[in-house]
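Reader: I would like to learn how to read aromatic contacts and helix geometry in a model. Please take one case through with me.

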Amino acid sequence: MTSTMMQSLAPADTEIDLGDDGDSEDSEGQRPWKTQLETVMEEEEDEEEDEDLASTQSDTRPLINERDPRQMNECLKVSFEDVIAEPLSVRTGDRVWFWSNALFEVSRVWFYRIITAVLAIPFSIIAGVLFAFLTCLHIWLLTPCVKVIFMNNTCLEKLWSSLVDIFILPVYHSISMCCTSISVRLTRQ
């Protein structure tokens, strides 16, 4: 059974007619129409047939079966029983419950697929542009500004202390002078 699964996971060779006679190979001994990943996978298949193919995939190629590896969307694992529940005192017929459950699951899955088919690519582009813009701002604007602030920290400290001495300290001195003349006497009656 594992050999059948391994064969279904193995990449299929795609032959492309390049106009050459026969199967020519490039200078490194690889066929020019195959990606580097397919070549590595073929070599490792020849060495060990039982090796897991998912470990040979590159980091940039997304894994089909593992789409939420960091469990970011655990809150979205919703089943019919999480949304609709009947107490023991009131119950619908078994057929109604069965068909409601089936229609909920089917509509949830298919509408998700339809909506993502329509919106996934535009939202991916928008998210990519947004993150690229924020990354650019962080790298080229925010980080240099923070570095300049830290480099000139002593100048800013002197400026801040001067501003406090000129504007804030006199206000607090006046308030304290006014409050020193206040006296409170407690008497029992």
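This is a predicted model: local features need pLDDT of at least 70, side-chain atom pairs count only at pLDDT 80 or more; totals for chains, interfaces and linings use all residues.

Reader: How many aromatic pairs does a search of the whole structure find?

Author: Rings of Phe, Tyr and Trp (its six-membered ring) pair if their centres lie within 6.5 Å; planes under 30 degrees apart are stacked, over 60 edge-to-face, the rest tilted. The search finds three pairs. Phe80 and Trp97 have ring centres 4.9 Å apart and planes at 70 degrees, so they are edge-to-face.

Reader: Which helices hold Phe80 and Trp97?

Author: Helices are DSSP runs (H or I, at least four residues), numbered from the N terminus. Phe80 lies in H3 (residues 80-83) and Trp97 in H4 (residues 94-151), so the pair ties together parts 17 residues apart in sequence. Phe80, Trp97 and Phe104 form one aromatic cluster.

Reader: Where does a charge lie over a ring face?

Author: The test asks for NZ of Lys or CZ of Arg within 6 Å of the ring centre and within 35 degrees of the ring normal. Arg113 lies over the face of Trp110, at 4.9 Å from the ring centre.

Reader: Where is the kink in H4?

Author: The bend at a residue is the angle between axes fitted to the seven residues ending there and the seven starting there. In H4 a kink of about 45 degrees lies at Leu119, shortly before Pro122.

Conventions. Residues are numbered from 1 along each chain as its sequence is written. Side-chain values use heavy atoms; hydrogens and water are left out. Helices (H or I, at least four residues) and strands (E, at least two) are DSSP runs, numbered from the N terminus.
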